[in-house]
Amino acid sequence: MNMYSWSFTDWAKKVEATAALLRPAGLLQPETAGYHLCDLALHGAVHNPSRSYRLRLQDTLQSLANQRYLDDWQLRPKSQLIHYICREFHQAHFAQLPLLLASAQQLQGTAQSRQLEQLQLLIQQLQEDLFPHMQHEEQRIFPALLKPVDFDSFCSLAILHHNHDSQASLLQAMDSLCQELLEEHPDQAVTHFITELQNFTMQLRLHIALENNLLFIID
């Protein structure tokens, strides 16, 4: 089959086959799997897919990577998963969001843009929502989940799911603005900022997927 006539499904299957070869060799990290795989799939293509097509492929590949990641963590102790989330995600998010906000503000000073202004507001809103959310998890929810006795979890976990849904909506809005911003300002500084922001949003989505599917389970 000619690679330029591949359907969306063909692209996804081909890239997943590539991932299967890379994973055992330790050449593919799950946190960035979707983006690396997307680059591999599109590398060298003469007829590049449209941006919307690329985003669809990226979402599919990220879903594949996330599912494998969840399957792996499902076999490990809950205490190990909680420690991993605090170390790899919470600490990173606390450090990343202020830097992303500062970068957006600096860029706005050189590249006046409606999208940058809106991204600043969304990053600020996400920071104001996410920081107390993570602190609550570390101080109240995670210790309760590790206790041998049940706690009154339904209300607490339902609120956490609702918070995650709100955060996911902010990330979706950021995705759309990033796409618009790249089309209007495809310069190096903007591209670097968007890459950093997309790396953050990908990690936060994986963070949310781990908690929703393996920790905050509502029967």
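## Secondary structure

The protein chain has 7 helices and 0 strands, in the order α-α-α-α-α-α-α from the N terminus. Helices (H or I, at least four residues) and strands (E, at least two) are DSSP runs, numbered from the N terminus. This is a predicted model, in which local features need pLDDT of at least 70 and side-chain atom pairs count only at pLDDT 80 or more, while totals for chains, interfaces and linings use all residues. Residues are numbered from 1 along each chain as its sequence is written, and side-chain values use heavy atoms, with hydrogens and water left out.

## Burial and contacts

Of the 219 residues in the protein chain, 42% are buried (under 20% relative accessible area; exposed is over 50%, partly exposed in between; 1.4 Å probe, protein chains only). Contact means heavy atoms within 4.5 Å. Among contacts between residues at least 6 apart in sequence, 78% join residues at least 24 apart.

Gln-120 sits in helix α5 (residues 114-145) and is buried, at 15% relative accessible area.

## Salt bridges

The structure holds 3 salt bridges (a side-chain nitrogen of Lys or Arg within 4 Å of a carboxyl oxygen of Asp or Glu). In one, Glu-88 pairs with Arg-87, with the closest N and O atoms 2.8 Å apart.

Arg-114 and Glu-180 form another, at 2.9 Å from N to O. Arg-114 is in helix α5 and Glu-180 in helix α6 (residues 153-184), so this pair ties together parts 66 residues apart in sequence. Asp-175 and Arg-205 also meet in a salt bridge, at 2.6 Å from N to O. Asp-175 belongs to helix α6 and Arg-205 to helix α7 (residues 188-215), so the pair ties together parts 30 residues apart in sequence.
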